[in-house]
Amino acid sequence: MAYQTMTASDLRATVRDITDLDAEDLPDSLLNLYLRDGYYRILDLEKRWSWLEKSFTFNTVSEQRAYPIANFTADPISQIVSIVDETGIGLSLDMVPYDMAETTYVGSYDTSGDPLFYAIWEGKIHLFPKPNNVRSLKVRGYREPTDWVGEDDVVDAAANLHFALVYYACSGVYQRLEDTVMAAEYKKSFDEAVVLAAKNIQKPSSHAHMRLSAGQTKGRPTFSGWMQSMGKNLANNG
């Protein structure tokens, strides 16, 4: 069975059911603070959560170096991890520090050509050297999380992390009631749930990827071997 998704309203209702307190004792504004705090703690555990992955494509303009990221996607982007030039045979651009590229491509050395490097500065993608034609670049990165608490939307996280936020909010409620024992127990449940969920999210796929090395592919037919075999067969048939 798939993990059940939860909205901010679902989380608040569940916390009130567990603590046996109503909206007067536990207003939405207070529970939202607990939910946000727990959510931020989850985000701080990992820079590259899979649900924040984002890809987009843009075309370069001849002799233009800087490209505002906001022009290409409605999602605020927190970091760019890969840019691939899909034009022609293709090329993966290397990321470099902006100050290094700026001091290298300066004055008469700032010529245009096929982009080889990129840097991120002031929310823009800077290409080095400047492109001398139109090229299609595919970008991979990670977006900023949404304000799902304020918008009363589904938790912006993997579904197996949703219920952990209930534990964290309950811990905050009992801490407020000065019940340190119950607060500690729910905080422990939150920590355990997040560790288990994160471990599951970060596990490799159960499908074993093929490893292209001499040891792993020994005995398998190869393209060159197949061509040689085909040539021999054609010669024999001739």
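The model is predicted, so local features are reported only at pLDDT of at least 70 and side-chain atom pairs only at pLDDT 80 or more, while totals for chains, interfaces and linings use all residues. Residues are numbered from 1 along each chain as its sequence is written, and side-chain values use heavy atoms, with hydrogens and water left out. The chain holds six helices and nine strands, where helices (H or I, at least four residues) and strands (E, at least two) are DSSP runs numbered from the N terminus.

**The chain as a whole**

- Buried residues make up 35% of the 238 residues in the chain, with buried meaning under 20% relative accessible area, exposed over 50% and partly exposed in between (1.4 Å probe, protein chains only).
- Among contacts in the chain with a separation of 6 or more, 67% come from residues 24 or more positions apart, a contact being heavy atoms within 4.5 Å.

- The buried residues of H4 are Ala 164, Leu 165, Val 166, Tyr 168, Ala 169, Cys 170, Ser 171, Gly 172, Val 173 and Tyr 174, and they pack against H1, H2 (28-43) and H5.
- At 1.5 Å a residue the 13 residues of H4 should span 18 Å, and the 19 Å between its end C-alpha atoms agrees with this; the expected span of a helix is 1.5 Å times one less than its number of residues.

**H1 against H4**

- Two packed helices are described by the angle between their axes and the distance between the axes.
- Helix H1 (residues 8-19) packs with H4 at an angle of about 50°, with the axes 9 Å apart; axes are lines fitted to C-alpha atoms, for helices over the stretch in contact, and angles run from 0 to 180 degrees between N-to-C directions.
- That angle makes H1 oblique to H4, since angles under 35 degrees count as roughly parallel, over 145 as roughly antiparallel, 65 to 115 as roughly perpendicular and the rest as oblique.
- The crossing of H1 and H4 is right-handed; a crossing is left-handed if the near helix is turned anticlockwise from the far one by less than a right angle, and right-handed if clockwise.
- On the H1 side the contact is made by Leu 11, Thr 14, Val 15, Ile 18 and Thr 19, and on the H4 side by Leu 165, Val 166, Ala 169, Cys 170, Val 173 and Tyr 174.
- By class, the contact of H1 with H4 has nine nonpolar, two polar and no charged residues, where Ala, Val, Leu, Ile, Met, Phe, Trp, Tyr, Cys and Pro count as nonpolar, Asp, Glu, Lys and Arg as charged, and the others, Gly among them, as polar.

**H4 against H5**

- H4 and helix H5 (residues 180-201) pack at an angle of about 160°, with their axes 8 Å apart, and the two helices are therefore roughly antiparallel to each other.
- The crossing of H4 and H5 is left-handed.
- From H4 the contact involves Ala 164, Tyr 167, Tyr 168, Cys 170, Ser 171, Tyr 174 and Gln 175, which meet Met 182, Ala 183, Tyr 186, Lys 187, Ser 189, Phe 190, Ala 193 and Val 194 of H5.
- In this contact of H4 with H5, eleven residues are nonpolar, three polar and one charged.

**Helix H2**

- H2 has 16 residues and reaches 22 Å from its first C-alpha to its last, close to the 22 Å expected at 1.5 Å a residue.
- Its buried residues include Leu 30, Leu 31, Asn 32, Tyr 34 and Leu 35, and the buried residues of H2 pack against H1, H4 and H5.

**Loops and backbone features**

- Not counting residues up to four places away in sequence, Asn 160 touches Tyr 3, Ala 197, Asn 200 and Ile 201.
- Most residues other than glycine have a negative phi, and most peptide bonds are trans.
- Asp 20, in the loop between H1 and H2, has a positive phi of about 60° although it is not a glycine, and Asp 20 is exposed, with a relative accessible area of 69%.
- Glu 178 lies in the loop between H4 and H5, has a positive phi of about 65° without being a glycine, and counts as exposed at 69% relative accessibility.
- The peptide bond from Phe 128 to Pro 129 is cis, with omega near -15°, and Pro 129 is found in the loop between strand S7 (124-128) and strand S8 (130-131).
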